[in-house]
Every structure is written in structure tokens, then in C-alpha cells.
Amino acid sequence: ILSTPVGKPILEKALSQELDATVKIESVHLSWRGPQVLKQITFSGSALSGSIDELASDVPIWKIAQFGNAFLLKNGSFTFPSFNQVSINQVEAQINNREIQAKGSASQGGSFTVQGKVYSKTDFDIVANFMKQPDS
């Protein structure tokens with residue numbers, strides 16, 4: 001049902017509430033056994049805005065609530081309005097069983113990698129490396 005034109009707005013509304021942002025999804029493909037795939041996602045809120053080309057997870061549909069524990073993010077761009085519009089681009093990330101690996105570039109120059117564990121939005125143990133970042 002969520003893959004249909006009727007279900008897509010339900011999914012967009014749920015994600016909008018979770019992110020405290022307006023979320024639009026171009027394509028939704030959900031299947032009983034997985035993978036679950038969302039394509040061409042855009043979002044805009046007071047703390048965060050951006051886009052993601054593809055977000056995918058192998059979780060079965062009956063475990064869709066666990067999507068955030070194991071997913072692959074392809075070509076994400078994120079802007080942080082409250083931090084002088086700082087943005088990160090070309091973000092590729094994978095989370096599997098709370099382990100995160102991510103890389104990308106900053107609009108101001110340089111690149112970054114992130115590795116570690118994410119337990120919740122406020123509880124995480126990560127190491128970030130920033131390469132060739134410009135001086136402020």
C-alpha cells in the first residue's frame with residue numbers, strides 16, 4: 001500500500017514528523033522480504049534541508065520500523081541553516097547494526113569520513129576525520 005500513489009503521502013507524512021521537516025519522495029518501492037527503496041528524497045526544515053538520491057534497506061516490510069538500523073544512503077546533500085548554511089555533499093553512508101561508515105565533501109572545501117556506533121540521536125561513539133578543511 002505504501003508503494004502506491006495513495007500510500008506515498010502517508011510515508012512522506014511519517015518521515016516529515018520524524019525529521020521535523022517537509023519530506024517529498026519521488027519513488028517508493030517496498031516489498032515483503034526487502035529491499036525497501038526510496039528514491040529522489042528531498043526535505044526542508046528549520047534545522048536541516050537537503051536531498052538523497054537513494055535510501056535502501058534489506059529489512060522485510062514487517063520490520064520497516066528497523067529501517068534506521070541497517071540502510072545504505074547514496075549521494076546525499078545536507079544543509080544546516082542554523083550553522084551559516086554549511087552544507088555537506090556527495091555523502092555516501094552505510095549503517096548496519098548501529099555501525100556507521102560515511103564519507104562526503106564540504107561545500108566550503110575538503111572532505112570527511114565518519115566511523116563508529118550510533119545508539120540514538122543523542123547517544124553515539126564516532127570518530128570523524130576531516131581532510132583539507134578551510135580555515136574559518
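User: In which element is Gln40 found?
Analyst: This is a predicted model in which local features need pLDDT of at least 70 and side-chain atom pairs count only at pLDDT 80 or more, while totals for chains, interfaces and linings use all residues. Residues are numbered from 1 along each chain as its sequence is written, and side-chain values use heavy atoms, with hydrogens and water left out. Strands are DSSP runs (E, at least two residues), numbered from the N terminus. By this rule, Gln40 lies in strand E2.

User: Is Gln40 buried or exposed, or in between?
Analyst: Buried means under 20% relative accessible area and exposed over 50%, with partly exposed in between (1.4 Å probe, protein chains only). Gln40 has 44% relative accessibility, so Gln40 counts as partly exposed.

User: What is the phi of Asn84?
Analyst: Asn84 sits in the loop between strand E4 (70-80) and strand E5 (86-96). Asn84 is not a glycine, yet its phi is positive, at about 55 degrees.

User: Which residues touch the most other members of the largest nonpolar core?
Analyst: A nonpolar core is a set of buried Ala, Val, Leu, Ile, Met, Phe, Trp, Tyr and Cys residues joined through side-chain atoms within 4.5 Å. The largest one has 22 residues, and those touching the most other members are Ile25, Leu38, Ile41, Ile52, Leu55 and Leu73.

User: Which peptide bond is cis?
Analyst: Pro35 is in the loop between strand E1 (22-29) and strand E2 (36-44). With omega near 0 degrees, the cis bond is the one from Gly34 to Pro35.

Note on methods:
Helices (H or I, at least four residues) and strands (E, at least two) are DSSP runs, numbered from the N terminus.
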